[in-house]
Amino acid sequence: MKKGSKALRIVLVLALALCIPGALAVAGIRSRMYSDLVKDVSELESRQETLVDDNKNLITDISLLSSSDRIERLAEEELGMRQAESSEIVRVQMKGAEDDR
């Protein structure tokens with residue numbers, strides 16, 4: 001066997017021997033990146049659930065606070081207001097540009 005082919009064979013064996021651990025290292029790094037991403041997604045989903053629940057509670061609070069019964073009660077009790085009698089209502093009609101024709 002020639003010296004050059006023997007050296008080439010040794011180089012190929014060494015390259016193959018180095019490729020296997022290198023491939024395993026790359027696979028390990030990618031696996032770690034994947035598990036980090038899975039963890040991040042899980043945390044984001046949990047945060048999203050919390051935000052959705054908070055949003056539902058806020059919407060409920062808004063509907064409770066803006067109910068006409070509550071507003072009427074606050075107007076009467078805290079502001080001393082009352083419902084107007086029909087004789088107290090004055091209707092105002094404004095003459096617009098279309099009425100001048």
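Accessible areas here come from the Shrake-Rupley method with a 1.4 Å probe, and for residues only the protein chains shown count as cover. On that basis the accessible surface of the protein comes to about 10000 Å², of which 59% belongs to carbon and sulfur atoms. The model is predicted: local features need pLDDT of at least 70 and side-chain atom pairs count only at pLDDT 80 or more, while totals for chains, interfaces and linings use all residues. Residues are numbered from 1 along each chain as its sequence is written, and side-chain values use heavy atoms, with hydrogens and water left out.

**Whole chain**

Start with the C-alpha trace, which spans about 120 × 50 × 15 Å along its principal axes. The radius of gyration (taken over C-alpha atoms) is 39 Å. A compact globule of 101 residues would have a value near 13 Å, by the rule of 2.2 Å times the number of residues to the power 0.38. Buried residues (under 20% relative accessible area, with exposed meaning over 50% and partly exposed in between; 1.4 Å probe, protein chains only) make up 1% of the 101 residues.

Colour by secondary structure next. There are two helices and zero strands, both being DSSP runs numbered from the N terminus (helices H or I, at least four residues; strands E, at least two).

**Helix 1**

Select residues 3-65, which form helix 1, then show Arg32 and Asp36. These two form a salt bridge (a side-chain nitrogen of Lys or Arg within 4 Å of a carboxyl oxygen of Asp or Glu), with the closest N and O atoms 3.6 Å apart. They are four residues apart in the helix, so about one helical turn separates them. Asp36 is partly exposed at 33% relative accessibility, whereas Arg32 is exposed at 54%.

**Helix 2**

Move to residues 68-77, helix 2. Arg73 and Glu77 both lie here, four residues apart, about one turn of the helix. Their salt bridge has its closest N and O atoms 3.6 Å apart. Arg73 is partly exposed, at 38%, and Glu77 is exposed, at 58%.

**Arg82 and Glu88**

Now select Arg82 and Glu88. Their salt bridge brings the closest N and O atoms to 2.7 Å. Arg82 is exposed, with a relative accessible area of 56%; Glu88 is partly exposed, with 40%. A search of the whole structure finds three salt bridges.
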